[in-house]
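Hello,

Here is the structure I promised to pass on to you. Have a look at it first, and then read on for my notes on what turned up.

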There are 2 protein chains.
Amino acid sequence: MTPPQFNSWQSIQDEVLRRIHAREWPPGTVIPNEADLAQDFGCARATVNRALRALADAGILERRRKAGTRVALHPVSRATVDIPLIRQEITARGLVYAYRHLSRRIASPPRDVAATLCAGTPCEGLHVTALHLASDAPFVFEDRWISLTTAPAAAAQGFETLSANEWLISTIPYTHGDIRFSAEVAPESIAELLGTSPGAPIFVVERTTWDHTRAITTVRLNYAPGYSITTGIGTPS
Amino acid sequence: MTPPQFNSWQSIQDEVLRRIHAREWPPGTVIPNEADLAQDFGCARATVNRALRALADAGILERRRKAGTRVALHPVSRATVDIPLIRQEITARGLVYAYRHLSRRIASPPRDVAATLCAGTPCEGLHVTALHLASDAPFVFEDRWISLTTAPAAAAQGFETLSANEWLISTIPYTHGDIRFSAEVAPESIAELLGTSPGAPIFVVERTTWDHTRAITTVRLNYAPGYSITTGIGTPS
DNA sequence: GAGTGGTCTAGACCACGGT
DNA sequence: CCGTGGTCTAGACCACTCG
């Protein structure tokens, strides 16, 4: 009469999830501590720790020293979105990728860009615009500023055949960044570039990347109508 | 003259990142195996494993048994997006949350919804629409179908004062789901509900949640113009 | 087949933070 | 203060997969 064996951290994770779903541990419950669970499950505490930590990472449990582990009251679902290179995004769909350089100039960025790129102080930036095409159809219009303070080597680049992003990630690695998704309506200039009519819905991704405390680049990606981002939520198995 | 101590998995992670950024291990490089690194760093292999596994989760390293660990060629950045309750989304901005029930009826879902909700077979669903307001301003229009096969208890709910989502998550927990972000222009019906003009840009979130293999609900959230999702990318420190 | 990462164990110490 | 999670260790076995 051996009860089901809990020998792997995944099986423990499943069992904990089962107890939560079965309302044995309703939201808000403080569950037993790791040592007790380890004894219940007949395994080492480290194994329990691994399982509970994974569930905490997923937002299902909340853990605090001394206070213990409780089932999250508000199951905030957490979705992990992969942001691939645009080239990969297109070829992964079985389409042919093409890059079309549009403009390049060195200038002082507008106030809003300067605020993040130069931390308010006046600075010079490299402004690059380009179009990425999927099997000859406009896919996304890229409008980018690169900090010449952080990435002076960019000044020597024309970006005529290689996209700025691909050059940057292999030359000026970033430590972190932030990203914003929004919806906008295509102004005439962008609609024309994307081959749609003004007023078409545009999915916009704005991204800024940093090397420690210094901003490297900020880019605005205007996706042609029909674009969407899909991903999964739930227990990262 | 002790060299920098690598005693915590975080310090090892930092050191590995430093070597990657410093081009000591350029993209594509196969780095030494865990046992060797453990000796280099003067720590246990488990500690190295923890550090490298975290970097692999972040998409910076790729690991395969026998093949070893290599620096990712394409630094796919991975963003983690929290999907809170709409109530929380609004109150977190310091606004007053209000829920306005619009309609509720039992019917056969349209073909596209039935495809996911009932796996193609004919079925009955509960169709609920509602408006979430932030300090009296329309914030998001919710258009939801609930499977009465998976969640029969929903038939007894009016959803007049409690949002369907809040009832569902505390009654029919889900195991996983999928989510889609896109941009659309407001059709007249939705523009009116959101208090904007037709043609306004609408950020759309479509989400379907499942209990193992059975779909629970599929919802389409139409956010009022100006909405955006922000998050960070980089090494989860 | 053999090398590599994946995981488990039993024990230990530490840091945080409620009481 | 002292319970709880966070982490490290040294060793072991296993599973996958490349050559």
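**Where the two chains meet**

R78(B) and D82(A) are joined through their side chains by a salt bridge, with N and O 2.9 Å apart. Please keep in mind as you read that this is a predicted model. The pair spans the two chains: R78(B) belongs to strand β4 of chain B and D82(A) to strand β4 of chain A. How exposed is R78(B)? Its relative accessible area is 29%, so R78(B) counts as partly exposed. D82(A) is also partly exposed, because its relative accessible area is 41%.

β4(A) and β4(B), the latter covering residues 77-83 of chain B, run antiparallel and are held by seven bridges. Within that pairing, V81(A) sits opposite A79(B) of β4(B).

**The wider interface**

Stepping back, here is the contact as a whole. Chain A puts 48 residues into the contact, and chain B puts in 48 residues. Together the chains bury about 4,100 Å², and 57% of that area lies on carbon and sulfur atoms. How many salt bridges cross the interface of chain A and chain B? The rule finds two. Polar contacts between chain A and chain B come to 16 residue pairs, both residues being at pLDDT 80 or more.

On the side of chain A that touches chain B, the elements giving two or more residues are α3 (45-57), β4 (77-83), β8 (176-185), β9 (201-211) and β11 (228-234) of chain A. The largest share of that side, 10 residues, is supplied by β8(A). By residue type, the side of chain A that touches chain B splits into 21 nonpolar, 18 polar and nine charged residues.

One more residue to look at here is R23(A), which is placed in the loop between α1 (9-21) and β1 (30-31) of chain A. Which residues does R23(A) touch, once its neighbours within four places in sequence are set aside? They are I169(B), S170(B), T171(B) and P173(B). R23(A) has a relative accessible area of 31%, so it counts as partly exposed.

**Salt bridges within the chains**

Over all chains, the rule gives a count of 22 salt bridges. One of them in chain B links E15(B) with R19(B), whose closest N and O atoms are 2.8 Å apart. Both residues lie in helix α1 (residues 9-21) of chain B, four residues apart, or about one turn of the helix.

A second pair in chain B is E206(B) and R220(B), whose side chains form a salt bridge at 3.7 Å, N to O. This pair connects distant parts of the chain: E206(B) is in strand β9 (residues 201-211) and R220(B) in strand β10 (residues 214-223) of chain B, with the two residues 14 apart. E206(B) is partly exposed, because its relative accessible area is 24%. R220(B), at 23% relative accessibility, also counts as partly exposed.

In chain A, a network of salt bridges links E15(A), R18(A), R19(A) and E24(A).

Finally, take a look at strand β3 of chain B, which covers residues 68-71. Its covered face carries T69(B) and V71(B), while G68(B) and R70(B) are on the uncovered one.

Which strands does β3(B) pair with? One of its partners is strand β1 (residues 30-31) of chain B, joined to β3(B) by two bridges in an antiparallel arrangement. Here V30(B) is found opposite R70(B). Another partner is strand β2 (residues 61-64) of chain B, which runs antiparallel to β3(B) and is joined to it by four bridges. In this pairing, R63(B) stands across from T69(B).

β2(B) and β3(B) together make a hairpin, with three residues between the strands. In the turn, K66(B) has a positive phi of about 70°.

Best wishes

Technical notes
Residues are numbered from 1 along each chain as its sequence is written. Chains are lettered from A and ligands numbered from 1 in the order in which they are written. Side-chain values use heavy atoms; hydrogens and water are left out. Buried means under 20% relative accessible area, exposed over 50%, partly exposed in between (1.4 Å probe, protein chains only). Two strands pair if DSSP finds at least two bridges between them. Contact means heavy atoms within 4.5 Å. Buried area is the accessible area (1.4 Å probe) that two parts lose on being put together, summed over both. A salt bridge is a side-chain nitrogen of Lys or Arg within 4 Å of a carboxyl oxygen of Asp or Glu. A polar contact is a pair of N or O atoms within 3.5 Å; within protein, one must be able to donate a hydrogen and the other to accept it, and residues adjacent in sequence count only if both atoms are side-chain atoms. Ala, Val, Leu, Ile, Met, Phe, Trp, Tyr, Cys and Pro count as nonpolar, Asp, Glu, Lys and Arg as charged, and the others, Gly among them, as polar.
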